[in-house]
Each structure stands twice: as C-alpha cells, then as structure tokens.
Amino acid sequence: MNILVVDDEQNILRTTCIALKTMGHQAFQASSSRQAERVLNEEPIDAIILDMMLGNENGLDYLDKLEAEGEHPPVVVFTAHSSIETAVQSMKRGAYDYIQKPFIPEDLRQLLAKLEKSLADSGKLKELKGIIESSNPTLQFESNEPEMQETFRIATKAAASEANILILGSSGTGKTMLARHVHANSQRRDKPFVTVNCPSLSKELLESELFGHIKGSFTGATKDTWGKVSAADGGTLFLDEIGEVALEIQPKLLRLLQDREFERVGETRTRKANVRVLAATNRDLSKEVEAGTFREDLFYRLNVIGLQMPSLRERPGDILSITQRYVDFFAAQLGRGRVVLAEDAQQAIVDYAWPGNLRELKNVIERSLILSEGQELTKADLPVEFHAESEGRITTGSLISLEELEAAHIKRVVAKTASLDEASNVLGIDPATLYRKRKKLGLC
Ligand SMILES: Nc1ncnc2c1ncn2[C@@H]1O[C@H](COP(=O)(O)OP(=O)(O)OP(=O)(O)O)[C@@H](O)[C@H]1O
C-alpha cells in the first residue's frame, strides 16, 4: 500500500517509514497537515497514519477536515499511551483504527494487514455490486463450436500470463464478459478490474478519465483527480472500444503499455502504474491501421494475444444451451418456477440471425418471459421479428406495390444477416444506399 505518515516528530516519522518499507509498503511523510495535503494531492495514497499531536495543530481537527472534504483514505491514528480518550474520539470522528505509541512493528503490521484486507473486500464488493446490478445470468465459457472453444482455450491460458490481450468481435458477442473472465483467472484477480468506455467521452475527458488531472488544468477541472490507470494499479485496465481512441491520445497509451509511465493532465511529473491492459473493439483494427487512424505500434502492443469472438450466428451449436440458461435465470427472477422452451420456439431461435448477438438473445428471452404466462415459452411468445415469415406473408406476385415488396424484402434480409454490411452484400447495393432505403421506407 501507499501509506502517508503524518507526524511532527522527525525520529518517529523516520522509524515508522523504515518499518513500513520493511513490511513492503511505500511510505510517504509529512510533518504538518499542509504537507499532508500536498502529498495527498500528488500521490495515490491508500492509508494515512496520523499523529494526534502535530506541533501546535490538533490531529483531530485535521481528521475533521478530511471527513468534511468527502472521500479520503482510511486514517489510522497514533495516540500517546495515556490518551485512550483521544483514541475513542478519533474513532467516533471517522478514524479506521488507532495504535498506541510507542508501538512495536508487529502491532503495526497486523493492523495494516487488517486494513489491506478490508480495502480489498470493499473493492471486491464494489465490483460484485456492479455485476449484480447488471443482473447477468451465469455466464457460459464452454462451447460446442470449435472456433469458440479455441477462443476460450487461449483466453484461459493467456489469463495466467501478463500479456496484453485484444478482443475482437461484433457488439454483444461477450467481449467485456470475456475480459472479466480473463481477469478473474489471472494472478491479479484480487486487485481491481477497471473499465474505461472509450467512445463515451470527448478527447479531453478521455485523457483525464485515464490519467487523472490536476485542478485548473482545463475548464471544469475543479479539483485534482486520479484517473482509472491509478485506480487499476496492480490490477487490470479494460479499454472498451479501443478503436475509437483519438490519434492524439494513442501515443500516451503506447507509453503506458511500453514503459508503464504516464502523466496526469496538467502535470509534468511522470508516474508509474503497474497495469495489465485488455482491450476490445468491434472495428477491424488492422484496416484502421492501414487507413492511418490507428497507430500500428499501439496495435501490436495491444494485440500480443488476439482473441476473436464469433457472432452468435456462427455458434449454432451453443444457441439453445445459452437460451436455456437465460430462460432459467429470468424465470427464477420472475418467480415462475421451471419454464420449458417449446419446440417451435427452439426452431425459431435457431433460425434467427441474431444481429445483436448474446445481448439481443438475453433481451428477447427476458422480454418474452415477462410478457408470457405458464410453464412453456412458445414461438407465439417471441417478439414480432420471429413471425415475419408466416404473418401476412408477402411474396413475389402478391397484390402489393413494388415499394411494399421492396420494404418486406429488405426487412427480412436484414433480420437474417448478422450486419448491415452483410445485408447490403446480399441485396447487391452499397451500405449507404441500404441506409437511405431503410430510412425512406421507415425501417430504421
Ligand atoms: N459467456 C457468456 N455466457 C452467457 N452470456 C453472456 C456471455 N458473455 C456475455 N453474455 C451476455 O451478453 C451480454 C453482452 O455481453 P458483453 O457486454 O460482454 O458484450 P460486448 O461484446 O462487450 O458488447 P459491446 O461491444 O456492445 O460492448 C451481457 O449482458 C451478458 O449477459
């Protein structure tokens, strides 16, 4: 851990810092609250050891100030042997624990081990909460399809290494879940898994989100922040939609990958971060490299191991087992007991193109279960796109206008293909024309 010791007695500062270093921590020192503020602004501190007697300052006042400012690292208070009252006061005012002076190193070691565990637990708790909130059915990392088996095999093997991994695949194929799976099977599993969603932020905000910034470095930077790179220190940084990162930021990412170095926005001081980077994209990054919109050196650094997530349509042998998982999960959530997938529903699900992949499958099953009743889910319970062929069937020769025929045909081809690019290929028109036609015919 990075620990800040705040004490005005130089020899105590020195001996405590030596003891901390011997225990494998990084020690920082300050002999006044002002110095402590400075260190807190400059270093990602995990815990503070604070003496109650800071010359003519009172440690309790400083503790109150930290509390008033909001979130701060946990504080362990140093108290004199005789002042148990102060120790109790400090705990009431937000200190994590206290230690009496003079202390023996073993007491300090035990207290910090307890603190480290509780920090790790609260980090895990946050992560677990995130997973529960996104309410995922149990994930399936087994497959009947050779291509998917190969991806899972390499992912599991690579998890144990420190290699950066680039996960390619269309939207909703499970890239993020695979990245989490890699982290959960890595040596870093007890450290944070931190996601940065690259396209959701402007160039400036993305840089600050990644590396942090110092107060006043741009409009709206009202206080110093530590970015996600610092938050992921010791763990895994997952860069989602890496293909969207602006060219200006790419050299900074390259430096992080190459030298593990970065600077906060508005600061010249270089910092180190021990992060493993996993990245994902639904773009063809090698084409982006050819087009000059993605740096080749960054591409190779990220792509030490490349994993390809096939689309759901390319995994016909897995569709029904995953569907059953989703049915079981949502049925349990809705208190419906066991729900069976009728044969006509199974057939319709296998025949459908699933352009939105696993995400779409999950949504379709959730929605169908919410809207249906009984212990069987039939084709009739599935959404309208599953009935296009049979209801109001339109064929060549039907007494309808050319425009209606064209609309019906485009709609069915789009439903049966995995992407709009593929649909435009089948239709023999370019993607821009397909877009215009869909718009004109009210299909998008
Ligand atoms: N291995 C799996 N088994 C079962 N369901 C899965 C699996 N992986 C992903 N899913 C489901 O699919 C949904 C989409 O997964 P995920 O967010 O990982 O896809 P993605 O490829 O990262 O999507 P995007 O590119 O849009 O970010 C998730 O909500 C999850 O429930």
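Two strands pair if DSSP finds at least two bridges between them. Helices (H or I, at least four residues) and strands (E, at least two) are DSSP runs, numbered from the N terminus. The model is predicted: local features need pLDDT of at least 70, side-chain atom pairs count only at pLDDT 80 or more, and totals for chains, interfaces and linings use all residues. Residues are numbered from 1 along each chain as its sequence is written.

**Figure 1. The whole protein.** The secondary structure comes to 18 helices and 18 strands. Of the 444 residues, 30% count as buried (20 or more other C-beta atoms lie within 10 Å of the residue's own; exposed means 12 or fewer, partly exposed is in between, and C-beta atoms are placed from the backbone). Consider the contacts with a separation of 6 or more: residues 24 or more positions apart account for 67% of them. Two residues are in contact if their C-beta atoms, placed from the backbone, lie within 7 Å.

**Figure 2. The open sheet E2-E1-E3-E6-E7.** Five strands make up this sheet, with parallel pairing. Its edge strands are E2 (26-30) and E7 (97-101), and each pairs on one side only. Neighbouring strands are turned by 20° against each other on average, direction ignored. Axes are lines fitted to C-alpha atoms, for helices over the stretch in contact, and angles run from 0 to 180 degrees between N-to-C directions. Strands of a sheet pair through backbone hydrogen bonds, either parallel or antiparallel.

**Figure 3. Strands E3 and E6, with helix H4.** E3 (residues 47-51) and E6 (residues 75-80) run parallel, joined by four bridges. Ile48 stands opposite Val75 in E6. Helix H4 (residues 84-92) lies across E6 and E7. H4 runs at about 165° to E6.

**Figure 4. The open sheet E9-E12-E15-E8-E16.** This sheet has five strands, and their pairing is parallel. E9 (193-197) and E16 (305-308) are the edge strands, each pairing on one side only. From one strand to the next, the twist averages 20°.

**Figure 5. Strands E12 and E15, with helix H7.** Five bridges pair E12 (residues 236-240) with E15 (residues 276-281) in the parallel sense. Leu239 stands opposite Ala279 in E15. Helix H7 (residues 175-184) lies across E8 (165-168), E9, E12, E15 and E16. H7 runs at about 165° to E15.

**Figure 6. The shell around the ligand.** The ligand is surrounded by 19 residues; the closest are Gly174, Lys175, Thr176, Met177 and Leu358. A residue is near a molecule or strand if its C-beta atom, placed from the backbone, lies within 6 Å of it. H7 and helix H15 (357-371) are the elements that give two or more residues to the shell. By class, the shell has six nonpolar, nine polar and four charged residues. Ala, Val, Leu, Ile, Met, Phe, Trp, Tyr, Cys and Pro count as nonpolar, Asp, Glu, Lys and Arg as charged, and the others, Gly among them, as polar. The ligand lies between domain 2 (146-308) and domain 3 (312-386), because both give residues to the shell. These domain bounds come from an automatic or database domain assignment.

**Figure 7. Trp354 and Asn357.** Most residues other than glycine have a negative phi. Trp354 has a positive phi, near 50°. Trp354 is found in the loop between helix H14 (343-351) and H15. Trp354 counts as buried because it has 23 C-beta neighbours inside 10 Å. Asn357 also has a positive phi, near 55°. Asn357 is found in helix H15. With 23 other C-beta atoms within 10 Å, Asn357 is buried.
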